[in-house]
Amino acid sequence: MEFTLESPLDMHVHVREGAMLERVTPLTADHFAGAIIMPNLVPPVDNLERLLWYRDQINAAKGDATFDPLMMLFFRNYSREELEAAREHIFGIKLYPAGATTNSEAGVKELSAAEDTFALMEEMGIPLMVHGETHGFVMDREKEFLTSYAYLAEKFPKLRITMEHITTKDAVDLLDQFENLHATVTLHHLIITLNDVAGGLLNPHLFCKPIAKRPEDQEALLATALKAHPKLMFGSDSAPHPVSKKECCGCAAGLFTAPVCLPTLVELFEKHDALDNLQNFVSGNAQRIHGYTPPKTTVTLEKTGMEVPARYGDVVPYRAGETIPWAVTNVQN
Ligand code: NCD
Ligand code: ZN
C-alpha cells in the first residue's frame, strides 16, 4: 500500500544552529518542501543580517533536498524602514511573551507596547505568529492568553495571526470567531495528554511548552486536524535538545519529532479513516492561508515499517525504538 503527499509543509520547526542544525536540518528538509524556521536562537534572530546568515546556514545544511526555509524574525518593535528592508526575505514575525519558553527572554513584556509594530505589520501584510501563553498556572496558560488573541484579532482586523501550537479545545473554539485568526497544531498534541508526560513515571522526552493537556483537549485537536479544518495548519514544533538537557533536573522543553512526523501522521489519519484530508492539513491549508506556493515535491510513504532510532546523534526522537508501520520511501522533486 502506498500513500503520496504533494509538497508537505511544516509550519513551525526549530533547527537550532551549529552542529545541531547540521544534524537536524536534513531530517526536516528530506521530508518537507518548506518549513517555518523559528527564530529563538541566542541571541534571537531579530535583524535582517542575522536572518540572512541563518538562512544561509540552513541552505548549506539541507544538502540536495528541495526545501524552502521560511524565515521568521523574532518580534521586537521594528521601524518601518527595518520592515521594508526585511519584507521580501521573511515569512512572518514570531512573538514570544518574555520568558514563556526556550530562549524567549528577549520576548515581549506587554502587548500594548508593541502596537505600533502590529499596525505596521498589518499595513504591510506581514503575518504575526504568536506563542500564546501567560505566566499563570501551567495548565491554564494558553486558555488565559486567548483574550489577548481576541484583542489582537479585533484591534488589527487585517493582521494575519497564527496561534502557534494550540493545545486546548478553547483555542479550537476561538478559531471560528475571528476571520484573521489561524492556528498550527503539532503532531504530539494530537496524540498525547498530560498523563503521558507525568501520569506514570515522568517522561522528559514528552515535556514541551505548551504542556500537553486533558483528554478532551487532545480529542478536540485531533478531530479538528482529521477534518483538515480550513484554518488549522500542521506545525510540528520539532524542538531538539541534547539528551543531557532532557534527562536531568531542569529538563528543557521540546520534543524532537521531525523524522517521524509524516509516517506518524499517515498512521494516525489512516487509523481514523481520514487520509483524504491529510493533504490539506499538511500543505493545502497553509498554502491557501498564506498565499504561498511551495516548491513541488511528491513524497511517497509505504507500509514497509520505519524503525525509529534510539538517538539521532545526542537527540532522542519522539517514538524512539518503536516501529511505525509507514515509512517515507521516495521523494521526487
Ligand atoms: C521550543 C524550543 O525548544 O525552542 N520548545 C517547546 O517546548 N516547544 C520553543 C517553543 O516553541 O515553545
Ligand atoms: Zn516552537
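Residues are numbered from 1 along each chain as its sequence is written, while chains are lettered from A and ligands numbered from 1 in the order in which they are written. Because the model is predicted, local features need pLDDT of at least 70 and side-chain atom pairs count only at pLDDT 80 or more, whereas totals for chains, interfaces and linings use all residues; side-chain values use heavy atoms, with hydrogens and water left out.

## Zinc site

His-12 (NE2), His-14 (NE2) and Asp-237 (OD) coordinate the zinc ion (ligand 2) at 2.0 to 2.1 Å. Donors are N, O and S atoms within 2.8 Å of the metal (3.2 Å for Na, K and Ca), and since water is not among the atoms, sites may look incomplete. The site of the zinc ion (ligand 2) is tetrahedral, with angles of 92 to 133° among its four donor atoms. Four donors count as tetrahedral if all angles lie between 85 and 135 degrees. The spacing of the donor residues in sequence is H-x1-H-x222-D. His-14 lies in the loop between β2 (9-13) and α1 (18-29), and Asp-237 in the loop between β9 (232-234) and α9 (243-246), so this pair ties together parts that are 223 residues apart in sequence. Helices (H or I, at least four residues) and strands (E, at least two) are DSSP runs, numbered from the N terminus.

His-14 counts as buried at 7% relative accessibility, and Asp-237 is buried with a relative accessible area of 7%. Buried means under 20% relative accessible area, exposed over 50%, and partly exposed in between (1.4 Å probe, protein chains only).

## Parallel sheet

Eight strands form an open sheet with parallel pairing, in the order β2-β3-β4-β5-β6-β7-β8-β9. Strands β2 and β9 stand at the edges with a single partner strand each, so one side of each is left without a neighbour in the sheet. From one strand to the next the twist averages 25°. Axes here are lines fitted to C-alpha atoms, for helices over the stretch in contact, and angles run from 0 to 180 degrees between N-to-C directions. Two strands pair if DSSP finds at least two bridges between them. Strand β5 (residues 92-95) pairs with strand β6 (residues 128-130) in the parallel sense over three bridges, and Ile-93 has Leu-128 as its bridge partner in β6.

Met-121 is placed in helix α4 (residues 115-124) and is buried, with a relative accessible area of 0%. Leaving aside residues up to four places away in sequence, Met-121 touches Phe-75, Leu-83, Ile-93, Ile-126, Pro-127, Leu-128 and Leu-159. Contact means heavy atoms within 4.5 Å.

## Antiparallel sheet

An open sheet of three strands has antiparallel pairing and the order β1-β10-β13. At its edges stand β1 (2-6) and β13 (327-332), each with a single partner strand, so one side of each is left without a neighbour in the sheet. Neighbouring strands of this sheet are turned by 25° against each other on average, direction ignored. β1 and strand β10 (residues 298-302) pair in the antiparallel sense over five bridges. Thr-4 stands opposite Thr-300 in β10, and Glu-2 has Glu-302 as its bridge partner there.

Helix α10 (residues 261-271) lies across β1, β10 and β13, running at about 60° to β10.

## Aromatic pairs

The structure holds ten aromatic pairs. Rings of Phe, Tyr and Trp (its six-membered ring) pair if their centres lie within 6.5 Å; planes under 30 degrees apart count as stacked, over 60 as edge-to-face and the rest as tilted. Two of the pairs are tabulated.

| Pair | Centre to centre | Angle between planes | Class |
|---|---|---|---|
| Phe-32 and Phe-234 | 6.2 Å | 15° | stacked |
| Phe-145 and Tyr-149 | 5.0 Å | 75° | edge-to-face |

Phe-32 lies in the loop between α1 and β3 (34-37) and Phe-234 in strand β9, so the pair ties together parts that are 202 residues apart in sequence. Phe-32 counts as buried at 1% relative accessibility, and Phe-234 is buried at 0%. Phe-32, Phe-234, Phe-269 and Phe-281 form one aromatic cluster.

Phe-145 and Tyr-149 both lie in helix α5 (residues 141-155), four residues apart, about one turn of the helix. Both Phe-145 and Tyr-149 are buried.

Key
Four donors count as tetrahedral if all angles lie between 85 and 135 degrees; four count as square planar and six as octahedral if opposite donors are over 155 degrees apart and all others between 65 and 115; anything else is irregular.
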